[in-house]
Amino acid sequence: MTFFKRFLVLFICGAVQVFFATYLLLELLGFGLAWHLMNHDMMFIPGILVFVGSGYLTFSYYFLSDEQSNNALYDEFTALRYYKLATAGYVINGIGIFILFSIQDWQNWSFELANNMIYQIAAFAWLIFGVLLVWFSMGDFKESKGG
Amino acid sequence: MGKSHEKLLNNLEGLRKGTGLTQQELSESAEVSRKSINAIENGIYVPSTVLALKIAKTLNCNVEDLFKLPEK
């Protein structure tokens, strides 16, 4: 495993998440998109990518990389970057969920609207963590080259 | 002292260059990435106790030679 390979895995997973989550969120919030997914099974793609990507990273840590590479790839400075971004993700999600709660039509509340709100929250959280995954991958790779 | 974190002054770059090691060589010996060494030298990151001890051991000096608390 190298910094570039990790960048590729994380960036692709993150970018695909951002695409699907943005699409889903815009649909759920009622924006009239001109383009629609015809095959809804495609929504499994980001999830499958995350499973495969995380599986590959874990497998490579234990079986494909030497100790020196693992020391460099998973050191304490990288962990700190991850903690900071994850914390930012939880904070942004908290604010986002509060806003999503606030914009609901509580006067005409129904199970359908409740169901829709749950999907909105899920899509929003998905989008935020996708963006942070892309952000992490780019910063991590950039620093490994010249930082 | 070189470029330092607001809570910790460091002299890592000077001592490292004094021993003729590159950032890459020091990072391999201290079992971290090169960017971690760079981040410490530039005052972006304060290392853990274990990492500070590993760096000191590699450079054959004391931790106090590498890092100092700023005087108030």
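User: Where does Glu31(B) sit in chain B?

Analyst: Glu31(B) lies in the loop between H2 and H3 of chain B. Helices (DSSP runs of H or I, at least four residues) and strands (DSSP runs of E, at least two) are numbered from the N terminus. Before we go on, please note that this is a predicted model, in which local features need pLDDT of at least 70, side-chain atom pairs count only at pLDDT 80 or more, and totals for chains, interfaces and linings use all residues. Residues are numbered from 1 along each chain as its sequence is written, while chains are lettered from A and ligands numbered from 1 in the order in which they are written.

User: What is the phi of Glu31(B)? And is Glu31(B) buried, exposed or partly exposed?

Analyst: Phi of Glu31(B) is near 60°, a positive value in a residue other than glycine. For burial, we count other C-beta atoms, placed from the backbone, within 10 Å of a residue's own: 20 or more is buried, 12 or fewer is exposed, and in between is partly exposed. Glu31(B) has 17 such atoms, so it is partly exposed.

User: Which loop holds Asn60(B), and is Asn60(B) buried or exposed?

Analyst: Asn60(B) belongs to the loop between helix H4 (49-59) and helix H5 (63-66) of chain B. Asn60(B) is not a glycine either, yet its phi is positive, about 55°. With 9 other C-beta atoms within 10 Å, Asn60(B) is exposed.

User: Which residues of H2(B) and H3(B) meet?

Analyst: Two residues are in contact if their C-beta atoms, placed from the backbone, lie within 7 Å. On the H2(B) side these are Gln23(B), Gln24(B), Leu26(B) and Ser27(B), and they meet Arg34(B), Ser36(B), Ile37(B) and Asn38(B) of H3(B). By class, this contact has two nonpolar, five polar and one charged residues. Ala, Val, Leu, Ile, Met, Phe, Trp, Tyr, Cys and Pro count as nonpolar, Asp, Glu, Lys and Arg as charged, and the others, Gly among them, as polar.

User: How many residues does each chain give to the contact between chains A and B?

Analyst: Chain B gives twelve residues and chain A gives ten. On the chain B side, H2 and H3 each supply at least two residues, and H3(B) has the largest share, with four. That side divides into four nonpolar, five polar and three charged residues.

User: What is the order of helices and strands in chain B?

Analyst: Chain B has five helices and two strands, in the order β-α-α-α-α-α-β. Its radius of gyration is 11 Å, close to the 11 Å that the globule rule gives for 72 residues, so chain B is as compact as a globular protein of that length. The radius is taken over C-alpha atoms, and the rule is 2.2 Å times the number of residues to the power 0.38. Buried residues make up 32% of chain B.

User: Which residues have the most contacts inside the largest nonpolar core?

Analyst: In soluble globular proteins, nonpolar side chains tend to be buried together. A nonpolar core here is a set of buried Ala, Val, Leu, Ile, Met, Phe, Trp, Tyr and Cys residues joined through C-beta atoms within 7 Å. The largest has 18 residues, and those with the most contacts inside it are Ala21(A), Ala123(A), Leu127(A), Ile128(A), Leu132(A) and Leu133(A). Helix H1 (3-28) and helix H5 (111-146) of chain A are the elements that give it two or more residues, and H5(A) gives the most, with ten. A second, separate core of 17 residues includes Ala72(A), Val32(B), Leu51(B) and Leu66(B).
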